[in-house]
Amino acid sequence: SIQQAMQAGLTRFTFEGAEISLDATNAIFITMNPGYAGRSELPDNLKALFRPVACMVPDYALIAEIRLYSFGYRDARRLSKKMVKTFQLSSEQLSSQDHYDFGMRAVNTVIQAAGNNRQANPDSPEDLLVLSALADSNRPKFLAEDMMLFNSIMSDLFPGFAVPEPDYTDLLAAIREECAAANLVPTEPFLFKCIQIYEVSVLRH
């Protein structure tokens, strides 16, 4: 292994069937979050070869503030606090589901969406742009019973603002046309899910 070659002071060693040179200044790091959904602990025999380093929870609000400023937001500090508060209240009040994520990955998705909204609508109120980013990023993944709670949280944090309903007339017409060609019945729940998939794909790709 690499560690054994370093301990022996070698300059070249065999790694997975190939002889390669060894840089004595190399270092190996394993970053992991075992408490995260779907993750597992590091095996003890592998853990014994490494020294653990504790990491602190990042300041979500500060990260969001800096990135919102970079996208051209003028009131980034206040909006970043509202964004983080939305996730905090959602994690406390919404039901517990395996696919719910209120961590840094989710915050980063909203920040990116807010940046896209700012670029597309530079003259719109900043509160509305962040509110739309929060709604577009989170609504598709929530269960129906959690949607009312989430909408209530957003209305409390962004009073006087409402998320504008997008116009999907052309998309819905195309979906109905494809369903007719495939002899399928486009029910309202089916169309709703199609719209959600479309919104998530636009947001993440």
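Lys-82 lies over the face of Phe-158, 5.0 Å from the ring centre. A charge counts as sitting over a ring if NZ of Lys or CZ of Arg is within 6 Å of the ring centre and within 35 degrees of the ring normal. Arg-118 also has its charged end over a ring, that of Tyr-73, at 5.6 Å from the centre.

This is a predicted model: local features need pLDDT of at least 70, side-chain atom pairs count only at pLDDT 80 or more, and totals for chains, interfaces and linings use all residues. Residues are numbered from 1 along each chain as its sequence is written, and side-chain values use heavy atoms, with hydrogens and water left out.

The whole structure holds seven aromatic pairs (rings of Phe, Tyr and Trp, the last by its six-membered ring, with centres within 6.5 Å; planes under 30 degrees apart are stacked, over 60 edge-to-face, the rest tilted). Tyr-100 and Phe-142 make an edge-to-face pair, with 5.1 Å between centres and 80 degrees between planes. Tyr-100 is in the loop between helix H4 (76-93) and helix H5 (104-120), and Phe-142 in the loop between helix H6 (126-138) and helix H7 (144-157), so the pair ties together parts 42 residues apart in sequence. Helices are DSSP runs (H or I, at least four residues), numbered from the N terminus. Both Tyr-100 and Phe-142 are buried (under 20% relative accessible area; exposed is over 50%, partly exposed in between, with a 1.4 Å probe and protein chains only).

Leu-49, in the loop between helix H2 (44-47) and helix H3 (60-70), is partly exposed at 49% relative accessible area.

Terms used:
Helices (H or I, at least four residues) and strands (E, at least two) are DSSP runs, numbered from the N terminus.
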